[in-house]
Amino acid sequence: MDVEFTAGMEDQLDRIEDGEKGWVEILTAFYAPFKATLDIAKEKMRNIKAQAIPTDIVCPKCSAQMVIKMGEKRSVSGLF
């Protein structure tokens with residue numbers, strides 16, 4: 001988290017509340033850089049849900065090496 005960003009956003013929200021700025025103006029100024037950063041993140045971030053972490057455990061049914069995968073209701077940290 002960025003403390004300076006949060007403080008600045010709180011200041012902007014105070015200006016909206018005081019009638020000094022319009023919410024559309026503030027939201028537009030926030031959204032353009034946010035969307036650009038989000039687009040870069042979508043492109044460059046790895047998909048951890050598709051990632052499989054190999055283990056040294058062998059499957060008793062098929063003898064394949066077992067892996068840890070992220071699930072909808074359970075995260076990797078929830079397994080340990």
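This is a predicted model: local features need pLDDT of at least 70, side-chain atom pairs count only at pLDDT 80 or more; totals for chains, interfaces and linings use all residues.
**Helix contacts and aromatic pairs**

On the α1 side, the residues that meet α2 are Phe5, Met9, Gln12 and Ile16. Their counterparts in α2 are Trp23, Ile26 and Phe30.

Three aromatic pairs are found in a search of the whole structure. Phe5 belongs to helix α1 (residues 3-17) and Phe30 to helix α2 (residues 23-44), so the pair ties together parts that are 25 residues apart in sequence. The rings of Tyr31 and Phe34 are also tilted, because their planes stand at 50 degrees, with the centres 6.4 Å apart. Tyr31 and Phe34 both lie in helix α2, where three residues, about one turn of the helix, separate them.

Ring pairs link Phe5, Phe30, Tyr31 and Phe34 into a cluster. The table gives the accessibility of these residues.

| Residue | Relative accessibility | Class |
|---|---|---|
| Phe5 | 44% | partly exposed |
| Phe30 | 27% | partly exposed |
| Tyr31 | 45% | partly exposed |
| Phe34 | 40% | partly exposed |

**Thr55 in strand β1**

Thr55 is placed in strand β1, which covers residues 52-58. Buried means under 20% relative accessible area, and Thr55 counts as buried because its relative accessibility is 15%.

The side chain of Thr55 reaches two backbone atoms. One is the backbone nitrogen of Ile57, at 3.2 Å. The other is the backbone oxygen of Met66, at 2.8 Å. Met66 is also one of the residues in contact with Thr55 once neighbours within four places in sequence are left aside; the others are Gln65, Val67 and Ile68.

Note on methods:
Residues are numbered from 1 along each chain as its sequence is written. Side-chain values use heavy atoms; hydrogens and water are left out. Helices (H or I, at least four residues) and strands (E, at least two) are DSSP runs, numbered from the N terminus. Buried means under 20% relative accessible area, exposed over 50%, partly exposed in between (1.4 Å probe, protein chains only). A polar contact is a pair of N or O atoms within 3.5 Å; within protein, one must be able to donate a hydrogen and the other to accept it, and residues adjacent in sequence count only if both atoms are side-chain atoms. Contact means heavy atoms within 4.5 Å. Rings of Phe, Tyr and Trp (its six-membered ring) pair if their centres lie within 6.5 Å; planes under 30 degrees apart count as stacked, over 60 as edge-to-face and the rest as tilted.
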